[in-house]
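Here is a short report on one protein chain. Take a look at the model first.

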Amino acid sequence: MSELLVDFITSLDGYASGEGWPGFWGLEGPEYLAWLGKQPEATYLMGANTYRLMSGFAAGEVPKGQDDFRPEEEASVDELTQASKVVFSSSLEEPLTWANSTLVRDDAVEAVRAMKSTGSGLLSTIGSLSLCRSLLRAGLVDRFRVVMFPVITGATGEERIYDGYPDVALEMIEHRTFDGRIQLVEYKPRVLEHPPLAVPA
């Protein structure tokens, strides 16, 4: 049975990106990049918007506000190009041009449920905020990981991650700090029907 990881990188105030900021908010360091390079092979799940954005990067489109890709950004996109990707969309047309990408038009929740029950290895989301929210709400997420970068993007932040989420209890299973400034927290999530009646002592 496959394991599903929802994986976000965020500003401290919970934005997935910020207008005018480079990838990783320009704050990645050698420890963090080394850790990224050691992550297990995964099949990446995404929606149409993330596919359009990331496949554009893979085709050489530079993020708005930048003249060129930084080496760290190029390496990240190259790794994604080599990885297996499943794209959930009713608007995209086949064939998908980004290498190793499969288009699925079926309901994403039911498709991922089937992938988990019949497959093996790791499934991981990338971006795709509404997809992640749907998978979490359906109780399909085994691990919820957030890497927080030390910046607040109150004026320029885009894509607020947690808007529209249900209440979720989080059991911490890992935490660490990279390069003295980047904080990783990883949890086992449990969707709540209502807030707990009492807070444990």
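## Basis

This is a predicted model: local features need pLDDT of at least 70, side-chain atom pairs count only at pLDDT 80 or more, and totals for chains, interfaces and linings use all residues. Residues are numbered from 1 along each chain as its sequence is written, and side-chain values use heavy atoms, without hydrogens and water.

## Overall build

The protein chain has five helices and ten strands. These are DSSP runs numbered from the N terminus: helices are H or I with at least four residues, strands E with at least two.

A compact globule of 201 residues would have a radius of gyration near 17 Å, and the chain agrees, with 17 Å. That radius is taken over C-alpha atoms; the globule rule is 2.2 Å times the number of residues to the power 0.38. Along the principal axes, the C-alpha atoms fill a box of roughly 55 × 40 × 30 Å.

## Burial

Buried residues make up 42% of the 201 residues. Buried means under 20% relative accessible area (1.4 Å probe, protein chains only).

## Helix 5

Helix 5 spans residues 129-137. Which of its residues are buried? They are L129, L131, C132, L135 and L136. Seen down the helix axis, these fall within an arc of 160 degrees, so they line one face of helix 5. The arc is that of the directions from the helix axis to the C-beta atoms.

G139 follows helix 5, and its phi is positive, near 75 degrees.

Technical notes:
Buried means under 20% relative accessible area, exposed over 50%, partly exposed in between (1.4 Å probe, protein chains only).
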